[in-house]
Amino acid sequence: MTLAFLPDAETNTPEVLTLVEAVPSIRGYRGASSGITAGFPALAATPQGAALLLRLDGQYRLFAGTQTALYEGSGSSYSDVSSGAYSAGTARWRFTQFGNTSLAVNQVTQLQYSNSGAFAAVANAPKAALMETFAGFVVLANTDDTGTGLGTGYGAQPHRWWTSQIFNPTGTWAPSVTTQATSGLLVDAPGPIVGLKRLGNLLVAYKSRAMFIGQYVGPPDVLNWQLVPGEVGVASNEAVVSIGTAHLFIGYEDIYVFDGSRPISIGAGVKEWFFSRLNKSYANLIEGLHDYNNQCVYWFYPAGESAALNAVLVYNYQSKRWGHITLATTTVVPTVIPGVTYDSLGAIFATYDDLPDIPYDSPFFQASAPVLAYYDAARVLQTLTGASTASSITTGDIGDDEQVSMCSRVRPRFRTVPASAQITPMQRMQIGGPLTVNAGSAINGDRFDVLQSARWHSFRLDFTGEMEVERVIPTMVPEGTE
């Protein structure tokens with residue numbers, strides 16, 4: 001059987017997997033990479049947003065923000081690059097790069113900028129929850145001009161957007177036809193603006209149940225916004241992941257792809273399972289990353305009763321397969337980080353014995369290769385570049401309502417053979433009826449030997465080490481009908 005994780009489908013749907021702890025690939029499923037330290041010490045406090053920004057000169061700048069400070073990572077250490085002590089509370093830091101100017105913002109802190117070294121406040125710039133570069137502007141949304149010296153007197157307005165001067169985000173943000181700095185409201189749908197992402201020559205503003213498409217039209221309006229038909233939106237800015245040609249995002253009750261025309265559901269087969277696991281009280285914590293190397297989108301989310309990120313939904317947009325892994329994180333880095341070379345290895349690991357199990361072709365060893373990264377519970381930056389340690393897949397029910405069959409073996413077809421593998425066979429006589437779990441066994445050469453008779457058979461396969469599996473092929477012989 002070909003493999004596809006579709007927990008919402010009927011369990012006897014051909015090719016279905018009901019549970020996975022693995023990542024979808026073009027051909028099947030592979031073990032998830034483990035975390036490897038990026039070589040930095042623990043942050044002084046819990047990160048509330050992080051990013052790696054790319055300057056025009058090709059240099060990267062890694063930033064992380066906490067309640068009271070901004071830090072820049074370089075080499076194997078952090079530097080405090082704050083303009084002073086911040087009081088961010090629980091507000092999230094968001095970052096963007098405009099030319100060679102790095103910018104940082106949160107809902108209670110005036111816009112910060114840095115060309116190198118420490119940040120400084122942009123005079124006469126508003127506070128904002130959201131920020132994006134677009135059409136020669138820096139655009140802010142969900143803004144507050146209180147105490148900024150602008151004199152506009154709008155106050156805290158979560159449905160307001162604001163543009164900088166064209167090609168000059170560090171100049172005054174006072175509205176002017178000459179500079180094209182301006183501001184406006186998105187009030188054709190209720191609620192605050194919670195997401196702001198560029199898509200080619202479009203700017204998309206998201207509310208919890210609405211989407212707006214913005215286009216540059218020149219002065220005096222600067223941006224023209226059109227409401228997208230329907231009630232589709234997001235819970236958080238980080239739930240929207242750009243893959244270049246489209247946005248993939250988790251909405252209120254479905255998962256979508258948006259190419260600039262209309263949002264299209266991609267959640268069939270998994271959405272009911274996912275939203276039943278998601279702790280919706282903390283859906284605003286969802287963070288997504290784009291795995292450019294493997295054409296996957298990872299959404300880190302709080303599952304069950306957790307108020308923190310502890311699980312990951314994965315979508316391969318090439319094969320259109322879903323996967324899922326368990327991973328506890330605090331903040332992810334939704335971009336690339338510089339890889340580690342053999343020349344710099346000694347700065348991270350004192351001896352070769354300290355070096356963890358890393359595949360030889362891992363981006364870990366490729367300077368400036370795109371990789372996924374996250375901060376763990378100890379506030380240490382980890383890259384998902386280590387070897388897989390454990391993974392599993394569980395099939396749906398295989399069989400027939402009328403025919404009893406005897407299953408004698410199960411043969412997995414591997415693209416990468418794991419270090420070890422174990423099978424747990426299960427059986428039942430009726431779909432939805434009691435499930436009997438039989439004794440497990442280790443793989444015997446290229447197959448699992450099992451012996452069970454029933455109308456319906458299912459199997460859990462557990463793997464250790466690097467693995468990619470393409471098919472699971474049971475051998476079943478008819479025994480009779482009842």
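Predicted model: local features only at pLDDT ≥ 70, side-chain atom pairs only at ≥ 80, totals over all residues.
How many salt bridges does the count come to?

1. The count comes to 15 salt bridges.

2. R61 and E72 form a salt bridge in which the closest N and O atoms are 2.9 Å apart. R61 belongs to strand β7 (residues 60-65) and E72 to strand β8 (residues 70-74), so this pair ties together parts that lie 11 residues apart in sequence. Both R61 and E72 are buried.

3. A salt bridge also brings together the side chains of E132 and R198, with an N to O distance of 3.8 Å. Distant parts of the chain are linked here: E132 sits in strand β14 (residues 127-134), R198 sits in strand β18 (residues 195-199), and the two are 66 residues apart. Are these two residues buried or partly exposed? E132 has a relative accessible area of 14%, and because buried means under 20%, E132 is buried. R198 is partly exposed, with a relative accessibility of 35%.

4. D446 and R411 make a further salt bridge, their closest N and O atoms being 3.4 Å apart. D446 is found in the loop between β38 (441-442) and β39 (448-454), while R411 is in strand β35 (residues 403-416). The pair is 35 residues apart and links distant parts of the chain. D446 is partly exposed at a relative accessible area of 44%, and R411, at 28% relative accessibility, also counts as partly exposed.

5. Where β8 and β9 form a hairpin, two residues lie between the strands.

6. In the second pair, E132 is buried and R198 is partly exposed. In the third, D446 is partly exposed, as is R411.

Technical notes: Residues numbered from 1 in each chain as written. Heavy atoms only, no water. Salt bridge = Lys/Arg side-chain N within 4 Å of Asp/Glu carboxyl O. Helix = DSSP H or I, 4+ residues; strand = E, 2+ residues; numbered from the N terminus. Buried < 20%, exposed > 50% of the residue type's maximum accessible area, 1.4 Å probe, protein only. Pairing = 2+ DSSP bridges.
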